[in-house]
Amino acid sequence: MELIRDFVHAIMSEDVGRGDLFARCQAPQNRVAVIRSKSHGVFAGSPYAQALADVCRLNLTLLVNDGDTITPETQLLTLEGEDVSLLQAERTMLNLLQHASGIATNTRAYAQKLEGSGVMLLDTRKTRPLLRRMEKYATRIGGAVNHRMGLDDCLMLKDT
């Protein structure tokens, strides 16, 4: 969980930069935000959502679990806290959940096609820089097996 928290700190630092300009002109008020799905899919990303909520001092209530099938308008989670914190976390929260859920959804489609075949669906190291842990986590939620996390995980020789 510490690696996830460090990751979330880094992405929030990148987004907020030297400070949120909105926060300078707004008196904070407590608010509640609801995140809903816009399409069919598989939900993934709860550890990242929780870490982001913690970093932004928000109370998160998950309404679905990782791996659950979701439909349009499914309420995924609620966030409660100061409006400034909600607005700071909003885009990052949506990006993390969309990315992880998109990977899980795509992976689930392949895993379902392979059901009963005896074939094991493996992922690869072909991930975006600094997103490997999250992307491989999302493939597990979708039904794949992590193959190698990095070059130090196991020796693999191939003809390239």
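Visitor: Is the crossing of helix 4 and helix 5 left-handed or right-handed?
Guide: Helix 4 passes helix 5 in a right-handed crossing (the near helix is turned clockwise from the far one by less than a right angle; helices are DSSP runs of H or I, at least four residues, and strands are runs of E, at least two, numbered from the N terminus). This is a predicted model, where local features need pLDDT of at least 70, side-chain atom pairs count only at 80 or more, and totals for chains, interfaces and linings use all residues. Residues are numbered from 1 along each chain, and side-chain values use heavy atoms, without hydrogens and water.

Visitor: How close do their axes come, and at what angle do they cross?
Guide: The axes of helix 4 and helix 5, which spans residues 132–142, come within 7 Å and cross at roughly 40 degrees (lines fitted to C-alpha atoms over the stretch in contact, with angles from 0 to 180 degrees between N-to-C directions).

Visitor: Which residues make that contact?
Guide: Among them are Leu96, His99 and Ile103 of helix 4, together with Met134, Ala138 and Ile141 of helix 5 (contact means heavy atoms within 4.5 Å).

Visitor: New topic: what is the strand order in the sheet?
Guide: The open sheet has 3 strands in the order 1-5-3, with antiparallel pairing (at least two DSSP bridges between strands). Strand 1 (30–36) and strand 3 (59–62) each have a single partner strand, so one side of each has no neighbour in the sheet.

Visitor: How many bridges join strand 3 and strand 5?
Guide: Strand 3 pairs with strand 5, residues 75–82, over 4 bridges, and Asn59 has Glu80 of strand 5 as its bridge partner.

Visitor: Which strands does helix 4 touch?
Guide: Helix 4, residues 83–114, packs on the sheet and touches strand 1, strand 3 and strand 5, its direction making about 155 degrees with that of strand 5.
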